[in-house]
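Me: Could you take a close look with me at one part of this model, the place where two of its chains meet? I'd like a connected account that I can follow with the structure open.

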Amino acid sequence: MPLQLEIFLEHLLNGLTLGALYALVTAGLSLIFGVVRLVNFAHGDFFMVGGYALFILLNLPWGAIPYPIIVILVTLIVAVFAMLIERLMLQPVLDKSWRIHAVATLGISIVLQNVALIIFTTDPKQVPTPFTTKIVSLLGLRLSVQRIIILGIAVLVFLALQWFVKRTKLGKAMRAVSQNRDMCQVVGIDVPRIALITFAISGGLAGLAAALIAPLLSVTPTMGLSLTLKGLAAVIMGGLGQLNGSIYAAFILGLVESFFAGYVSFAFKDVVSFGLFILVLFLRPQGLFGRRIGL
Amino acid sequence: MTALARARPWLLWVAGGVLVLALPLQYSGGYAINIMINTLMWIVFALSFDLSAGHVGTVSLGHPAFFGIGAYLTALLGPRLGLGYLGNTLLSASLMALLALVAGVAFFRVREVSFAIGTLGAVIIAQLIANNAYDLTGGPLCVKGIARPEFAIPFTDVTLKVIHPLQYYYLLVPLVVFTIVLYKAMTSSRIGRAFIAVREDEVRASAVGIRPLRYKLLAFVVGGGIIGALGSFQAQYVTVVCPSEIALSYTLNLLIIVFVGGAGSLRGVLLGSVIFSVLPRLLEQGGALSIPPAYQQVAYGLILILVVLFMPDGIDGQIRRMTDKWHRSREVEVGEDV
Amino acid sequence: MSRLRYLGFVMAIAMVLAACAPAATPTSAPEATAPAGGGGGTQAEATEAPQAEEAKAPIRIGLYAPMTGPIAFLGEGFQLGATLAIEDLGGEIEGHPLELVVADDKCNPTDAVNAVRKLIEVDQVDVLLGGGCSSATVAALPIIAEGETPAVSATSTNPGIYNEMGVGGNIWEFRVNPDDLIMAAAFASFMAEKANSIALVAENTDFGRGALSAYIPQFEALGVEVVSEDYFDLGTADYRPALTGIKASAPDAVLVVMTERDGSTFMRQLREVGLDVQVFSRGSLTSPLFLEYTKDDPTIGEGILEFSFWAGGVDPDLDQRFLDRFDKSNSPHRGWAYYATRYAIGTAIKNAILNEGEATREAIRNELEKVEVEIPFGTIKFDDHNQSYPKGTVSTIEDGEVRFVQFVELVPVEH
C-alpha cells in the first residue's frame with residue numbers, strides 16, 4: 001500500500017534527522033573521551049549555549065545576518081566557549097580520576113543551565129530560520145527545507161571528520177594522544193594543546209548542531225540534559241572513545257526511537273532507547289563495534 | 001588528660017544525640033521540624049550513597065531509583081497488604097536490597113564510567129515508567145492518600161496515629177541511628193579496609209584475596225536497602241508519591257553533599273547534609289538574604305567546581321589537615337614533657 | 001599563579017551575579033521572574049499605606065506556585081496576575097495594606113507541602129492562592145485544612161479536588177475555575193458535531209492526563225471513535241514520530257491538551273507534517289502568548305478551536321492592562337490569578353473587615369462562602385463543594401488574531 005510506504009519513509013526521515021542531531025552531539029562527546037578520557041556531563045549544555053547564541057544572532061537589533069554566516073558564527077562561538085571552559089575549569093583536573101571529572105562537569109552543567117535560566121527565563125525561545133517554514137514535497141513526503149540542510153551538512157561534517165582524524169597531522173596527533181598519552185609527552189607532542197583543540201572541535205560540533213537543528217525545535221535552559229544523556233548512551237554503545245562507532249550508535253538510537261514512537265508508543269520511546277543501551281552494556285560492554293582502543 | 005582525650009569522641013556523639021533529640025522540641029510549628037526531617041533524610045540518603053561512592057569507589061548515579069521505587073512500593077502495596085509502618089518499611093527495604101543485588105550483579109560487569117552511565121540509564125527508565133505506566137502508578141496524577149502510620153499501644157485500646165511532623169521526626173530518628181551505626185561499623189572494620197583496597201586498585205585487591213565484586217555488592221545492597229526504607233518513610237510522611245520522587249536532581253544533590261562534605265568520611269557527609277539542607281533555609285529566614293532558586297543552583301554549581309579544584313577531599317579533608325597540624329604540634333610538646 | 005586566574009574568573013561570575021541579584025530581590029519573596037519593580041510596587045504600597053492612616057496590620061496573601069523548573073512560567077503568570085490585582089485594589093483593603101508572599105511549590109507534592117507550611121506558619125499569611133498544578137494543590141489540601149487557612153485555587157482542573165472541598169470535608173479550600181469533568185461534559189458534544197473520529201494528544205502531566213481521562217468516556221458515550229492517545233513529556237522537542245503516526249490513522253480531528261509553550265512547537269511540526277485536520281485544543285492555544293510564540297508564521301495557529309474557561313479578547317481592558325503594566329500578554333493563568341485575587345479574595349477580605357470587624361483567617365473563609373461577584377467570564381459563586389461555575393469559552397485564531405467565538409454554560413455534574 002503506497003500510504004503505508006509513505007508513512008514508513010516519513011518515520012525513516014524523522015529517525016535520520018534525530019540521528020543526525022544525536023550524532024553531532026555524540027561525536028563531540030566521543031572525541032573528548034577518546035583523547036582526554038573525560039566524560040563531559042556538560043556537553044549537551046554546549047548545545048544549549050549554541051541555541052541561545054543563535055537566538056541572539058537571529059534577533060540582532062541592526063538587521064539580519066545571512067543564515068549561513070550565522071551558522072559559522074554559532075559554531076565558532078561555542079568552540080571558543082568550550083575552550084574557555086576547558087582552560088578555566090577542566091584543565092587542572094584532567095589527570096585526576098573520572099569521578100572528579102564527573103563531579104566537575106556536572107557542576108559546570110548546573111551553572112550553565114541556571115545562568116541561562118536567569119538571563120533568558122524558562123520561556124522557550126523560537127529560532128526559526130527562513131528555511132524552517134519553507135516546505136517541499138519529495139516522493140509524497142512533506143518536509144521542511146531545514147531538514148534537507150541538516151542531513152546534507154551532517155553527512156559532509158562526518159566525512160570531513162574522518163578525513164581530519166585519519167589524514168591531517170593534528171588528527172594523527174589526537175589519535176596518538178588517545179592511544180598513549182605518556183608516550184606522546186615523551187616524543188614531544190603538546191598534550192595540553194591537543195586537549196584544548198579537541199574541546200574546540202567538540203564544542204564546535206555542538207554549536208553547529210544547535211545552529212542547524214534548534215530552528216526545528218525551540219531553545220530552553222534545560223534542553224541540554226536529555227541530549228547529554230542520549231549522547232552518553234551512544235558513546236558507550238559505540239564503544240568508549242570510538243568515534244565512528246558512536247556516530248553509528250547515535251543513528252541507531254535516532255531510528256529506533258522514531259520507529260518505536262511512530263508504530264508503538266511515543267511515551268515509552270525513551271524506555272526503549274535507554275533499554276537498548278543497557279542491553280548493549282550487558283551483552284557487549286566493549287561496545288557494538290568493539291575493538292579495545294582507538295579513535 | 002588522656003582519658004578525657006579518648007572519651008572526647010564519645011562525648012561528642014552523646015552531645016550530638018541529645019541535640020538531635022531535643023532540638024525539635026524548641027519549635028512548635030511544623031515548618032522548622034520539616035526542615036529537620038529533611039536534614040535527617042539527606043543524612044540517611046547521603047550515607048547510603050557514600051558507602052558505595054566514597055568507600056568502594058563505585059559511583060552509581062541511579063541511587064534515587066531505590067528511594068522512588070521504595071516509596072512506590074509502600075504507596076501501592078501498603079494498602080493491599082496492610083502491613084503498618086514497620087512492615088511497609090521493612091518490605092521496601094528488603095525488596096530494594098534485593099533489587100540492588102540483582103542490579104549490582106548486572107551492572108558491576110562494567111566499571112567506572114560505563115557503570116555510572118549505565119545506572120543513570122536505569123534510573124531514567126524507572127522514572128519514565130513511573131510517569132507513563134498510568135494504570136500502575138497513576139503517572140503524573142501520583143498515588144494519593146497513603147495511610148499515615150498507626151501504632152497500637154500495648155495493653156490499651158489506644159492507637160496512636162502519627163500526624164504531626166514532630167511525631168514523624170521521632171519516627172525517623174531510629175533509621176538515622178541505625179544508618180550511622182551500620183556505616184561506622186562497616187567502614188571502620190576489616191570490611192572498610194577491603195572497601196578502600198577495592199577503591200584504590202581492584203587488581204591489587206584481588207591479588208591479596210579480596211574479591212572486589214563481593215564488596216561492591218555488599219555496599220550497594222546495604223545502601224539500597226536503607227534508601228528503600230527511607231523511601232517508604234517519605235511515602236508515609238508526605239502521603240503522596242509522584243514520579244518526581246525518582247528524580248535525577250536527587251543524584252546531583254547527593255554528589256553535592258558527599259563531595260563538598262568529603263567523600264568517604266562520616267563527619268564529612270554529616271556536615272555536607274546539614275549544610276546543604278539548613279543553610280539555604282537559614283538564609284531564607286534572614287529575609288534580606290533570600291536567594292532566588294536559580295541563583296542558589298548557580299552557587300551550588302560553583303561551589304562544586306571550586307571544591308573539586310581546590311579542596312578535592314571536601315570540607316572534611318580541610319578540617320583533617322588543620323587538626324593534623326594541630327596534633328603534630330601538640331605531640332612535639334608532649335614529647336618534650338616526657 | 002594559575003590559581004589566581006581561576007579565582008579571577010570565579011570572581012567575575014560572582015560579580016555578574018551580584019549585579020543581577022539586587023534587581024531580582026526587592027521583597028522577601030523570591031522575585032526572580034518578576035519584572036523590574038513588579039514585586040517592589042506592592043512592597044512600596046505596603047509600607048506607605050500605614051503612614052497615611054493610623055497603622056493598620058497588613059493582610060498577607062500567600063501564593064504557592066512553581067517558580068523554578070520547566071514550568072516556572074506558570075508561577076510567573078500567577079505572580080503577575082496577583083500583583084496586578086493587588087495594584088488595582090489600590091494596594092490595600094479598608095486601610096489594611098496587602099502583601100503578596102510567594103513560595104515555590106515546584107509543581108510537586110513534596111515541595112508544595114513545604115511551601116504551604118512555610119506560608120501558613122512562618123509567613124503567617126491570611127489567605128492562600130494556588131497551586132499552579134493540580135498535584136501541588138492536592139498535596140496541599142490536608143496542610144491547608146490542618147492550618148485552618150482559607151485557600152483559593154484558580155487553575156487546578158483536577159476533578160478529584162471537587163470531592164474533597166466543602167461538604168467533602170475540607171471547608172478551607174475554594175476553587176474558582178471549573179474542573180475537567182465539568183468542562184468535558186459541556187464541550188465534548190461540540191467536538192462531536194465536527195468529528196466522528198479523533199486523535200488525542202496531551203502533555204504528560206496531571207493537567208494533560210486529567211483532562212483526557214475526563215474526555216474519553218464522553219467521546220465513547222457520543223460515539224466518537226478515539227483513534228490514538230499520546231502523551232508528551234514537557235519540553236518534548238520532536239513530535240514528528242507521533243504526528244506521522246496520527247497522519248497514518250487519518251482522524252477527523254485532533255484534540256491537543258497542552259499549554260502554549262509546548263503547544264506552539266507541536267503545532268509548528270503538525271503543519272510541517274501536513275496533518276490537515278481540525279485541531280481542538282484544551283489548554284491555551286488561542287492566547288496572545290501563543291501568537292507571540294508563532295509570530296514568524298501566523299498561519300500556524302489558524303483555525304484552532306480552543307475550549308477553555310478563558311479566552312483572549314473577552315476582557316480587552318485586562319489584556320491591555322497586562323501589556324501596559326508588564327509588556328506581557330494576558331494568558332489563562334495570568335488572567336485567572338488576577339480574578340481570583342481581585343474578586344474572590346479581595347471581596348472576601350473586604351466583607352470580613354466590614355461584617356466581622358477583622359480579616360481573620362476564619363472570617364475570610366466565612367466570607368468566601370458568600371462571595372457572589374460578576375467577572376467578564378460569568379459569576380464567581382461557590383456551591384456546597386466550594387466550587388464555582390464560570391462560563392466555558394470557545395475561541396479560535398483567524399487571520400493571525402485571537403477571536404472569541406462563544407460562551408458555553410457550565411453546570412454541576414456528577415463527580
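Reply: Across the interface of chain B and chain A there are 0 salt bridges, a salt bridge being a side-chain nitrogen of Lys or Arg within 4 Å of a carboxyl oxygen of Asp or Glu. Before we go on, please note that this is a predicted model, in which local features need pLDDT of at least 70 and side-chain atom pairs count only at pLDDT 80 or more, while totals for chains, interfaces and linings use all residues. To find your way, residues are numbered from 1 along each chain as its sequence is written, chains are lettered from A and ligands numbered from 1 in the order in which they are written, and side-chain values use heavy atoms, with hydrogens and water left out.

Polar contacts do turn up here: the rule finds 2 residue pairs between chain B and chain A, both at pLDDT 80 or more. Such a contact is a pair of N or O atoms within 3.5 Å; within protein, one must be able to donate a hydrogen and the other to accept it, and residues adjacent in sequence count only if both atoms are side-chain atoms.

Now look at which helices of chain B face chain A. At least two residues each come from α4 (84–107), α5 (112–132), α11 (248–261) and α13 (293–310) of chain B, where helices are DSSP runs (H or I, at least four residues) numbered from the N terminus. The largest share of this side of chain B, 14 residues, belongs to α5(B).

By class, the side of chain B that touches chain A has 29 nonpolar, 7 polar and 3 charged residues. Here Ala, Val, Leu, Ile, Met, Phe, Trp, Tyr, Cys and Pro count as nonpolar, Asp, Glu, Lys and Arg as charged, and the others, Gly among them, as polar.

As for the extent of the interface, 39 residues of chain B are in contact (heavy atoms within 4.5 Å) with 37 residues of chain A. The two chains bury about 3,400 Å² between them, and carbon and sulfur atoms give 85% of that area. Buried area is the accessible area (1.4 Å probe) that two parts lose on being put together, summed over both. If you want three side chains to display, pick Ile117(B), Ile305(B) and Val308(B): they supply 16% of the area that chain B buries against chain A, more than any other three residues.
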